[in-house]
Amino acid sequence: MISLTVMAVVFGVVFLAELPDKTALAGLVLGTRYRASYVFAGVAAAFTVHVVLAVAAGSVLTLLPQQIVHALTGVLFLGGAAVLLLRKDEGEEEVRKPENQSFWKVSGAGFMLILVAEFGDLTQIMTANLAARYDDPISVGLGAVLALWSVAALGIVGGKALMRRVPLKLITRIAALLMLGLGVWSLYEAIA
């Protein structure tokens, strides 16, 4: 039996914790470049995998060495920032045409980005803790996955809306600087 109360509590906690996280940024960046439905399919699948792992593992994920998780995340963000900053500018019109990208390529990119970047993330550990606390894996899993999907959708839609008003080159530079900052911060957390 599904508990709506547990689902609502988990949804609220995970949604608020994930909203200022890198997921919204990743969704925004991908949403400016590719068809939103393709991006969402990959991101949603990755979050589903994360939630299943977190719920199955329960509180075991809290034992992962945080320094390693922070170091890996930092390196990935720095690599993403380097790719964005060093990439040769493509014609803006070519980049904006989502029909030039296949479903599998775009959803696969979204899936891999979230799968790697979010592993061991605060919300995954929080979901594991909530699953252990409530002993209701289905309700916790549904609440967490719906919260994560909601944050991703907000980022993707926000990316599309932003694209109509701000040039892609500026969005790319800002995203690269944010990724650079997140990378440096993650490496600092790994060392500190």
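Guide: A residue is called buried when its relative accessible area is under 20%, exposed when over 50% and partly exposed in between, using a 1.4 Å probe and protein chains only. Buried residues make up 40% of the 192 residues in the protein chain here. The model is predicted, so to speak of local features we need pLDDT of at least 70, and side-chain atom pairs count only at pLDDT 80 or more, while totals for chains, interfaces and linings use all residues. Residues are numbered from 1 along each chain as its sequence is written, and side-chain values use heavy atoms, leaving out hydrogens and water.

Visitor: How many helices and strands are there in the protein chain?

Guide: Helices (H or I, at least four residues) and strands (E, at least two) are DSSP runs, numbered from the N terminus. The protein chain has nine helices and zero strands.

Visitor: Which residues are buried in helix 3?

Guide: Y38, V39, G42, V43, A44, A46, F47, H50, V51, A54 and V55 are buried there. Helix 3 has 22 residues and reaches 31 Å from its first C-alpha to its last, close to the 32 Å expected at 1.5 Å a residue; the expected span is 1.5 Å times one less than the number of residues.

Visitor: How should I read helix packing?

Guide: Two packed helices are described by the angle between their axes and the distance between the axes. Axes are lines fitted to C-alpha atoms, for helices over the stretch in contact, and angles run from 0 to 180 degrees between N-to-C directions. Helix 3 (residues 36–57) and helix 6 (residues 103–117) pack at about 35 degrees, with axes 7 Å apart. Contact means heavy atoms within 4.5 Å, and the residues that meet include A41, A45 and V49 in helix 3 and V106, G110 and I114 in helix 6.

Visitor: At what angle do the axes of helix 3 and helix 7 cross?

Guide: Roughly 45 degrees, and the axes come within 7 Å. That makes helix 3 oblique to helix 7; angles under 35 degrees count as roughly parallel, over 145 as roughly antiparallel, 65 to 115 as roughly perpendicular and the rest as oblique. H50, V51, L53, A54 and V55 in helix 3 meet Q124, T127, A128 and A131 in helix 7.

Visitor: Where does D136 lie, and is D136 buried or exposed?

Guide: D136 lies in the loop between helix 7 (122–134) and helix 8 (137–163). D136 is buried because its relative accessible area is 14%. Leaving aside neighbours within four places in sequence, D136 is in contact with M1, S3, V6 and A131.
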